Amino acid sequence: MWRLHTSTCVRRLDARLAVAALAAGLAAVACHPGDRALSPTGELAIGTWGGANAGVIVTDTLTHVHIGCTFGDIPGRVKPDANGRFTLDGTYVLRAYPIYVGPTLPAQFSGVLNGSTLTISVAVNDTTTGKVVSLGPATVVFGKDPQLGPCPICTVPGSRMR
């Protein structure tokens, strides 16, 4: 009888531990949205990434970046390396608000992804003044709305703000 009682208790304890482990695992997945920040192919997840004075909109063909009242584009989706880092060429508009003046300038985007947080900087080759303009670093989080103050964010990536 003692043996039956002990094995019943052990089975109940094992079942409770299994349920607790499952609940902990599900909670860990729910609490780590960074797992959603990358697609199955390792690219930044499609959607909006927001932060203070910055925003990033990722589509299947474009990564659109706002830092303050300026914006630029990286063709395609960003695929960070194994350390979460990237450096890519694209274009940028420094004179975008309150009136779009342009022109579109060559730029280099660099950043690092840590969980669901993306830190990004841009070096813009301002060919009109002959200087390199550095923007950032700006920090955005996947699934958060950009907080750009008086500056509008493009609703259609790659479009000119009006």
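Pro-98 lies in the loop between E5 and E6, and a cis peptide bond with omega of about 10 degrees joins Tyr-97 to Pro-98. Pro-103 is also found in the loop between E5 and E6; a cis peptide bond joins Gly-102 and Pro-103, with omega of about 0 degrees. Most peptide bonds are trans, and most residues other than glycine have a negative phi. Asn-53, which is not a glycine, has a positive phi of about 65 degrees. Asn-53 is placed in the loop between E1 and E2.

This is a predicted model, in which local features need pLDDT of at least 70 and side-chain atom pairs count only at pLDDT 80 or more, while totals for chains, interfaces and linings use all residues. Residues are numbered from 1 along each chain as its sequence is written, and side-chain values use heavy atoms, with hydrogens and water left out.

Strands (E, at least two residues) are DSSP runs, numbered from the N terminus. Two strands pair if DSSP finds at least two bridges between them. Eight strands close into a barrel in the order E1-E2-E3-E4-E5-E6-E7-E8, with antiparallel pairing. From one strand to the next, the twist averages 30 degrees, where axes are lines fitted to C-alpha atoms and angles run from 0 to 180 degrees between N-to-C directions.

| Strands | Residues | Bridges |
|---|---|---|
| E3 and E4 | 62–67 and 70–75 | six bridges |
| E1 and E8 | 47–51 and 131–142 | two bridges |
| E7 and E8 | 117–126 for E7 | nine bridges |

Individual partners include Val-65 with Gly-72 in E4, and Gly-50 with Val-141 in E8. In E8, Lys-131 is the bridge partner of Asp-126. The hairpin of E7 and E8 has four residues between the strands, and Gly-130 there takes a positive phi near 75 degrees.

A nonpolar core is a set of buried Ala, Val, Leu, Ile, Met, Phe, Trp, Tyr and Cys residues joined through side-chain atoms within 4.5 Å. Buried means under 20% relative accessible area, exposed over 50%, and partly exposed in between (1.4 Å probe, protein chains only). The largest nonpolar core has 26 residues; Trp-49, Tyr-92, Phe-109, Leu-118, Val-122 and Val-124 touch the most other members.

The structure holds three aromatic pairs. Rings of Phe, Tyr and Trp (its six-membered ring) pair if their centres lie within 6.5 Å; planes under 30 degrees apart count as stacked, over 60 as edge-to-face and the rest as tilted. Trp-49 and Phe-142 form a tilted pair, 5.0 Å centre to centre with 55 degrees between the planes. Both residues, Trp-49 and Phe-142, are buried.
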